[in-house]
Amino acid sequence: MSYQLSAVVADVELLREQTADLDHAVLAALRQDFALLPVTPQLVQELTGGLPDFATDEPRAERPFRLVLSPPLAEVLARWSTSGPVAYLEAEFAGGLGHQSAVVWLGGEVSWGPRYDAALDRPRAEWPINTALARLGAEPGAWIDPFAELGLHLERDTDGWLTHGRRGLSADYWDELAEEWELRQSGQHQQPHRPGPVGDWGIA
C-alpha cells in the first residue's frame, strides 16, 4: 500500500480566510479545528503565477521536498503565517519504505525546519510531521500521535484529499462509516473490522 502527501496544514479559519478568493484551493477538514490544503500544480500556479518545479532526485536532508518551495511560494506561505502558524508537509511511502518532511512558518518567517527523515527510528513525537503539527498547536488525544489525532491518515493521496474536501467530509468520516457498519452487523456476533484507508502511517 502507498501513501503520498503534499499539503499545507493550518487553523481552518486561517486557511479559509487566505484561500477565499482562490479558484484551485480545496480545504479538507481535520480534527481540532485544523484544515488541510492539498498542494496541486494548479494551486501553485494560481498562488505564484508560475508552474511548480519538482526535484528530479530523491529528497534528502539538504533538499527535503519533492516540490521545490520557490521564493514566490515560500513568500505566500510566510505571509499567511502572520495570522498564525502554517506548515507545509510532504510524505511518500510505498512497500514499507519512504520519507516525510515538514517546515513551519510563523510571524512571516520560518520558525522550524525544514526537517527530513527517511529512517523514522526516533520516538514518534520527533518525526518531522508530528513535530510540525505540535508546533501548529495540535493537542494529544486518544490516537497514537498528532498525525493520526488530526486525521492525516484518512486519505492516501492528493486526489483523495481533494475528494474529501469537495464532498465536505468530516475528519471522523471513516469512524462514522465503521460505527454504521457495526450497528448493521450487531446481530451477527461477528468481530467488526473498522475500515480505514491507511494503516500505520501508510506503511501497511
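Colleague: Before we start, what does contact mean here?
Modeller: Contact means heavy atoms within 4.5 Å. Keep in mind that this is a predicted model.

Colleague: Fine. What share of the chain's contacts with a separation of 6 or more comes from residues 24 or more positions apart?
Modeller: Such residues account for 56% of those contacts.

Colleague: How many helices and strands are there?
Modeller: The chain has 7 helices and 6 strands. Along the sequence the pattern reads β-α-β-β-α-α-β-β-β-α-α-α-α.

Colleague: And how much of the chain is buried?
Modeller: Buried residues make up 45% of the 204 residues.

Colleague: Let's do aromatics. How many aromatic pairs turn up?
Modeller: A search of the whole structure finds 2. One of them is Tyr3 with Phe147. This pair is edge-to-face, at 5.8 Å centre to centre and 65° between the planes.

Colleague: Which parts does that pair tie together?
Modeller: Tyr3 lies in strand β1, residues 2–11, and Phe147 lies in helix α5, residues 146–150. So the pair links parts that are 144 residues apart in sequence.

Colleague: Is Tyr3 buried or exposed?
Modeller: Tyr3 counts as buried, because its relative accessibility is 2% and the cut-off for buried is under 20%. Phe147 counts as buried too, at 1%.

Colleague: What about the pair with Phe65?
Modeller: Phe65 pairs with Tyr88. The pair is edge-to-face, with 5.1 Å centre to centre and 65° between the planes. Phe65 sits in the loop between α2 (41–48) and α3 (71–80), and Tyr88 is in strand β4 (residues 86–94), so the pair ties together parts 23 residues apart in sequence.

Colleague: Which residues line the largest cavity?
Modeller: The lining is Val8, Val39, Leu43, Val44, Leu47, Leu67, Leu69, Leu73, Leu77 and Tyr88. The elements that give two or more residues to this lining are α2 and α3. α2 gives the most, with 3 residues.

Colleague: How do those lining residues divide by type?
Modeller: They divide into 10 nonpolar, no polar and no charged.

Colleague: And the second largest pocket, what is its volume?
Modeller: The second largest pocket has a volume of about 160 Å³. Its lining has 14 residues, and Gln4, Ser6, Phe54, Leu67 and Glu90 lie nearest the centre.

Colleague: How does the lining of the second largest pocket divide?
Modeller: That lining has 7 nonpolar, 4 polar and 3 charged residues. β1, α2 and β4 each supply at least two residues to it.

Colleague: What about cores? Which residues touch the most other members of the largest nonpolar core?
Modeller: They are Leu5, Leu30, Leu36, Leu89, Ile129, Leu133 and Leu152, out of 28 residues in that core. Two or more residues come from each of β1, β3 (34–38), β4, β5 (97–106), α4 (128–136) and α5. Apart from this core lies another, of 22 residues, among them Leu15, Val39, Val76 and Ala78.

Colleague: What does Leu30 touch?
Modeller: Leaving out residues up to four places away in sequence, Leu30 touches Val9, Ala35, Leu36, Leu150, Gly151, Leu152, Trp161 and Ala171.

Colleague: Back to α4. How many of its 9 residues are buried?
Modeller: 7 of them are, which leaves α4 mostly covered. The buried residues of α4 include Pro128, Ile129 and Leu136. They pack against β1, β3, β4, β5, β6 (109–117) and α5.

Colleague: What follows α4?
Modeller: Gly137 does, and its phi is positive, near 110°.

Colleague: Last one. Where is Ala102, and what does Ala102 touch?
Modeller: Ala102 is in strand β5. Ala102 is buried, with a relative accessible area of 0%. Beyond residues up to four places away in sequence, Ala102 touches residues including Phe65, Tyr88, Trp112, Pro128 and Ile129. Ala102 and Trp112 are 10 residues apart in sequence and 8.7 Å apart in space, C-alpha to C-alpha.

Technical notes:
Residues numbered from 1 in each chain as written. Predicted model: local features only at pLDDT ≥ 70, side-chain atom pairs only at ≥ 80, totals over all residues. Heavy atoms only, no water. Phe/Tyr/Trp six-rings, centres within 6.5 Å; stacked < 30°, edge-to-face > 60°. Helix = DSSP H or I, 4+ residues; strand = E, 2+ residues; numbered from the N terminus. Buried < 20%, exposed > 50% of the residue type's maximum accessible area, 1.4 Å probe, protein only. 1 Å grid on protein atoms, 1.4 Å probe; cavity = no way out; pocket = protein on both sides within 12 Å on 5 of 7 lines; lining within 4 Å. Points joined across faces, edges and corners; volume = space filled by probe spheres on them. Nonpolar A, V, L, I, M, F, W, Y, C, P; charged D, E, K, R; others polar. Core = buried A, V, L, I, M, F, W, Y, C linked by side-chain atoms within 4.5 Å.
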